[in-house]
Amino acid sequence: MISKQIEYYARAGYPALYISTHEEQRVCREIHAGLKDIEIVIDGETSARKIYSWSCTQGLSRVDSAEDGDPEMDDPFDVLQLFINGAENGSTFVLQDFHLYLEDPAPQLIRLLKDALEHGKTSSKMLVIVGCRFVMPPEVEKLITVVDFKLPVAEELAEVVLDPLAEDLGLELTAEERKQLSEAGGGLTTFEFQDALALSYVQTKNETGELKFCTKVVYDAKVQAIKKSGLLEVITGDVDASQVGGLDLFKDAMSKQTNLFTQEARDFGVPLPKGVLVVGPPGCGKSLLAKVSKSMLGGIPLLGCDMGKMFAGVVGASEENVRNMIDLVEAVAPCILFIDEIERGLSGGESSGKTDGGTTDRMIGTLLNWMQERTSPVFIFATANDTSSLPAQLLRPGRLDSKWFIDLPNANEREEIWNIMIRRSGHDPKDCNIPELSASTDGWSGAEIEALWNNSLVDAFASDKPKTPHTLDVVRLSSTITPVSKSAAQKITGMRKWAAAEARPATSKMKKEKAATKSGRSLN
């Protein structure tokens with residue numbers, strides 16, 4: 001609990017804490033909960049610590065009572081002077097807008113802040129800076145302790161927001177409804193969750209006449225909040241395993257993990273699954289498999305992470321982005337974190353000290369350490385197109401459960417892909433010679449096959465009598481395209497050598513191909 005952590009810091013005599021959060025009211029509650037039982041002795045008398053809150057518009061006020069406030073004190077210099085010269089020993093000042101004055105601080109403010117921190121060490125006083133982002137001048141960064149203030153987990157949302165609101169509205173929630181609503185709100189602040197519940201209640205009442213909360217409305221609010229963060233996106237839509245051709249070994253392994261996030265699995269002693277690394281040439285279905293994994297793992301949320309968005313221009317902001325992303329993912333858990341082309345975000349760590357002041361190295365360290373130590377139910381689905389750029393730290397045991405290699409589809413898989421593509425476009429695969437199409441696209445990725453079929457549909461539709469593309473026309477069109485197996489042959493060879501020693505094959509050995517003459521399908 002954050003309140004207990006704050007209590008320990010106060011008892012140990014820490015002069016200043018920095019808490020990065022949007023939830024100022026929740027922080028004040030936690031600070032009060034952590035400090036209310038700490039007594040101090042002044043002139044031989046024992047009393048509780050006084051807790052003050054300051055903002056540039058509301059001035060100074062007491063958190064724990066209505067006494068000793070000064071609404072006219074809106075200057076940061078004045079509040080620090082009061083902290084040093086006027087406040088009783090053992091007082092705590094919660095500064096809510098103070099970080100805004102630290103972005104381009106006056107030298108006098110920095111000096112006064114350092115004086116306040118020195119004074120706090122000898123007087124049992126403590127400053128707590130609360131801001132929506134981390135802003136700290138280098139002159140004082142070693143003197144202030146950063147405290148992680150994570151988003152509320154589902155049970156906390158239920159206790160602090162859902163239960164009181166349901167009681168106010170006279171609603172009786174079943175245990176399952178309470179669980180679904182609080183889990184749908186995971187990743188929201190208490191304020192956002194309260195708004196989402198209120199919206200769901202009003203919307204449901206107006207549309208159906210029922211007096212109840214709506215889980216879908218709450219979940220949609222979470223999707224918008226995550227999108228607004230700019231660090232993650234909620235990937236919607238379910239893809240059934242039958243919509244992906246081949247890759248039988250991978251799909252079979254994933255199907256065994258369907259119930260591994262349940263309490264029954266914990267009671268049986270099964271550890272939480274950590275995730276997988278899927279490596280292969282571009283266009284072979286790695287990203288599509290992430291959506292398949294969502295359905296195989298019980299439909300838990302699939303969050304997409306773009307490592308490139310983690311980098312920011314302000315010193316320290318990139319590392320904070322990674323920490324915020326981790327906090328958000330853990331608040332939404334159980335979930336799948338999809339990191340596409342992870343090598344693009346994790347490469348460059350060795351030269352980071354010379355090129356970016358060590359930012360990339362610190363980001364990599366933060367992410368990899370979390371991957372190793374995490375206890376939250378977050379399944380990482382990472383993909384890579386270039387094994388030569390993967391850092392050795394990522395590949396060590398403990399961070400992910402397994403590494404898989406998806407090669408270019410073999411003949412049987414290409415037949416499956418062709419059947420899926422043709423059927424998906426509303427045509428009948430029996431009208432095409434599937435073995436012939438498979439043979440003509442040897443060395444092609446699934447994405448290249450899809451592009452070829454789409455181009456064939458365009459040509460067929462433009463003809464005088466539109467009908468299913470003729471097999472020979474598709475084959476003829478294929479000769480105008482250079483597949484990735486030829487354009488990146490050397491890279492794919494290196495990837496296969498790596499996979500032979502490091503990864504599991506996603507596809508079992510190819511079955512004996514059927515001859516085109518025995519397929520029973522016409523040449524159209």
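Leu288 has a relative accessibility of 33%, so it counts as partly exposed. The model is a predicted one. Leu288 sits in helix H11, which spans residues 286–296. Leaving aside residues up to four places away in sequence, Leu288 touches Val239 and Val244. Asp240 lies 48 residues from Leu288 in sequence, and their C-alpha atoms are 10.0 Å apart.

Next, a helix pair. Helix H6 covers residues 175–184 and helix H8 covers residues 215–229. Their axes come within 8 Å and cross at roughly 15 degrees. H6 and H8 are therefore roughly parallel to each other, since angles under 35 degrees count as such. The crossing of H6 and H8 is left-handed. From H6, the contact takes in Gln180, Leu181, Glu183 and Ala184; from H8, Thr215, Val218, Tyr219 and Lys222. Four residues of this contact are nonpolar, two are polar and two are charged.

Now the backbone. Most residues other than glycine have a negative phi, and most peptide bonds are trans. Leu247 is not a glycine, yet has a positive phi of about 60 degrees. Leu247 lies in the loop between strand S9 (232–234) and helix H9 (248–255). Its relative accessibility is 4%, so Leu247 counts as buried.

Glu341 is not a glycine either, and has a positive phi of about 50 degrees. Glu341 belongs to the loop between S12 and helix H13 (342–346). With a relative accessible area of 22%, Glu341 is partly exposed.

A cis peptide bond joins Ala333 to Pro334, with omega about 5 degrees.

Conventions
Residues numbered from 1 in each chain as written. Predicted model: local features only at pLDDT ≥ 70, side-chain atom pairs only at ≥ 80, totals over all residues. Heavy atoms only, no water. Axes fitted to C-alpha atoms, helices over the stretch in contact; angles between N-to-C directions. Helix = DSSP H or I, 4+ residues; strand = E, 2+ residues; numbered from the N terminus. Parallel < 35°, antiparallel > 145°, perpendicular 65-115°, else oblique. Left-handed = near helix turned anticlockwise from the far one by under 90°. Contact = heavy atoms within 4.5 Å. Nonpolar A, V, L, I, M, F, W, Y, C, P; charged D, E, K, R; others polar. Buried < 20%, exposed > 50% of the residue type's maximum accessible area, 1.4 Å probe, protein only.
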